[in-house]
Amino acid sequence: MSNQPIVEIIEVEPRWITAQRVRDELVASERAAARESGLPTNFDRRDLDEWLDALAFDIAPVGEWLESVRVFEAFKVHLTTRERRSVHIAQGEFLTCLGSHLRERFLHCQGEFKKFKSRYNITSKTSESLKSRAIEYRTNRKMTRAKQKESGHSGQPSVVASESRKYMNEFLKTKCSIILLENELFPDAKELSESFGAFNACRKHLGEFKMDDESISLISVGDGMTPRTAALFALRTSWHCIAIDPKMGLSKKSKQKYDIARLQFHRAKIEEVRIRAKKAIIVMVHAHISLAKTLASVTSDDGTAACIALPCCNYYASIDAPNRIEYSDIAVLSPHRTVRVWKRLSCSRHAND
Ligand SMILES: C[S@@+](CC[C@H](N)C(=O)[O-])C[C@H]1O[C@@H](n2cnc3c(N)ncnc32)[C@H](O)[C@@H]1O
């Protein structure tokens, strides 16, 4: 086969498309119902502000939250009472606007406005039913343990060693950083350091894969909403680089097209694609998918793939296999800075070989 990898998308409707379709249908039916009933469909923001003022809404004490749906229900009751007739407000549309409205409202207030799941850190000073309540965060024990392990002594913040600035310095010296910035591929220094950490692992431990070998395909699984790690590799090597993520393209910063040679990106789960490459390197930067499922989607000439993974969250166990190199990279600005490298893992071999 040619050096160009073949990416085949399997035609199954992924669950996220189904969920999105259901949401779209709900909003459409809410709008249609409102149109039919002839009632006002949309709340007026001024009404909302007046109501928030009347109930003396403010930033809640630390650790206290109010469910967004309670705000919706109470506001609807208020409008219905005021109008003395039933008022229709589309819940989906209201809740979509509420967060940004509150963010603007509390922009210059003392205390920062925050959202936690579908709750806001706001409280009414006058209405008992709209008072915030304390919610216990479930501590992420794994993350705490990972942080403690990295800092070397439990509970103490880690010392910011000069080593930890390594990738920021590298970024400033790299010619391709301009292209990375222009394309708004990285949202912050943390994400940047993670992708650079993967590149560094490749440079250090996969030396047999030459940077100018055009027959290599790099597959970045779970790359995020922008094809950031794949773009970094495409700009710094001669490899064909493919980013796969079900959320690809969904951020405001995502682009339809990137003017970066040998970069492909696909909005899909890795299980929904089959990638045929001559030589394959898989990169999994904090990907939320198992190594086994990933390997099942990749085919190479010799039936093996190298792999670099930075596991996170609940994926330490499922992104694992024997014969790995493992180390902690202090320059990755995340509590999840374990790097695993495999030189040869079994994937699928081309059927005609
Ligand atoms: C914690 S985010 C990491 C994103 C990015 N790599 C980063 O470090 O910023 C986990 C990513 O895994 C992606 N993901 C979840 N299931 C996946 C699947 N089946 N195949 C590919 N990616 C998946 C998610 O969409 C998400 O973007």
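Is the crossing of H8 and H9 right-handed or left-handed? The crossing of these two helices, H8 and H9, is right-handed, where a crossing counts as left-handed if the near helix is turned anticlockwise from the far one by less than a right angle, and as right-handed if clockwise. The views below come from a predicted model, in which local features need pLDDT of at least 70 and side-chain atom pairs count only at pLDDT 80 or more, while totals for chains, interfaces and linings use all residues. Residues are numbered from 1 along each chain as its sequence is written.

**View A. Helices H8 and H9 cross at roughly 50°.** Helices (H or I, at least four residues) and strands (E, at least two) are DSSP runs, numbered from the N terminus. The axes of H8 and of H9, which spans residues 228-236, come within 10 Å; axes are lines fitted to C-alpha atoms, for helices over the stretch in contact, and angles run from 0 to 180 degrees between N-to-C directions. H8 and H9 are therefore oblique to each other, given that angles under 35 degrees count as roughly parallel, over 145 as roughly antiparallel, 65 to 115 as roughly perpendicular and the rest as oblique. On the H8 side the contact is made by Glu191, Ser195, Ala198 and Phe199, and on the H9 side by Arg228, Thr229, Leu232, Phe233 and Arg236, where two residues are in contact if their C-beta atoms, placed from the backbone, lie within 7 Å. The residues of this contact of H8 with H9 divide into 4 nonpolar, 2 polar and 3 charged; Ala, Val, Leu, Ile, Met, Phe, Trp, Tyr, Cys and Pro count as nonpolar, Asp, Glu, Lys and Arg as charged, and the others, Gly among them, as polar.

**View B. An open sheet of 7 strands has mixed pairing.** The strand order is S10-S9-S8-S12-S14-S16-S15, and two strands pair if DSSP finds at least two bridges between them. Strand S10 (263-267) and strand S15 (325-328) stand at the edges, each with a single partner strand, so one side of each has no neighbour in the sheet. On average, and with direction ignored, neighbouring strands of this sheet are turned by 15° against each other. Strand S8 (residues 216-221) and S9 run parallel and are joined by 5 bridges, with leucine 218 standing opposite cysteine 241 in S9. H8 lies across strand S12 (279-285), strand S14 (304-310), S15 and strand S16 (338-346), and runs at about 135° to S14. H9, in turn, lies across S8, S9, S10 and S12, and runs at about 175° to S9.

**View C. The ligand is surrounded by 19 residues.** The closest of them are Gly222, Gly224, Lys269, His288 and Ile289, and a residue is near a molecule or strand if its C-beta atom, placed from the backbone, lies within 6 Å of it. Helix H8 (189-205) and strand S9 (240-245) each supply at least two residues of the shell around the ligand. By class, the residues of this shell divide into 8 nonpolar, 4 polar and 7 charged.

**View D. Helices H6 and H8 pack at an angle of about 85°.** The axes of H6, which covers residues 166-173, and of H8 lie 9 Å apart, and H6 and H8 are therefore roughly perpendicular to each other. Tyr167, Met168, Glu170 and Phe171 in H6 meet Ala189, Leu192, Ser193, Phe196 and Gly197 in H8. This contact of H6 with H8 comprises 6 nonpolar, 2 polar and 1 charged residues.

**View E. Helices H3 and H4 pack at an angle of about 120°.** H3 (residues 68-83) and H4 (residues 91-105) have their axes 10 Å apart, and H3 and H4 are therefore oblique to each other. H3 passes H4 in a right-handed crossing, where Ser68, Val71 and Phe72 in H3 meet Gln91, Phe94, Leu95 and Leu98 in H4. The contact of H3 with H4 has 5 nonpolar, 2 polar and no charged residues.

**View F. An open sheet of 4 strands has the order S1-S11-S13-S17.** The pairing in this sheet is mixed, and strand S1 (6-9) and strand S17 (348-349) stand at its edges, each with a single partner strand. Strand S13 (residues 298-300) runs parallel to S17 and is joined to S17 by 2 bridges, with serine 300 opposite arginine 349 in S17.
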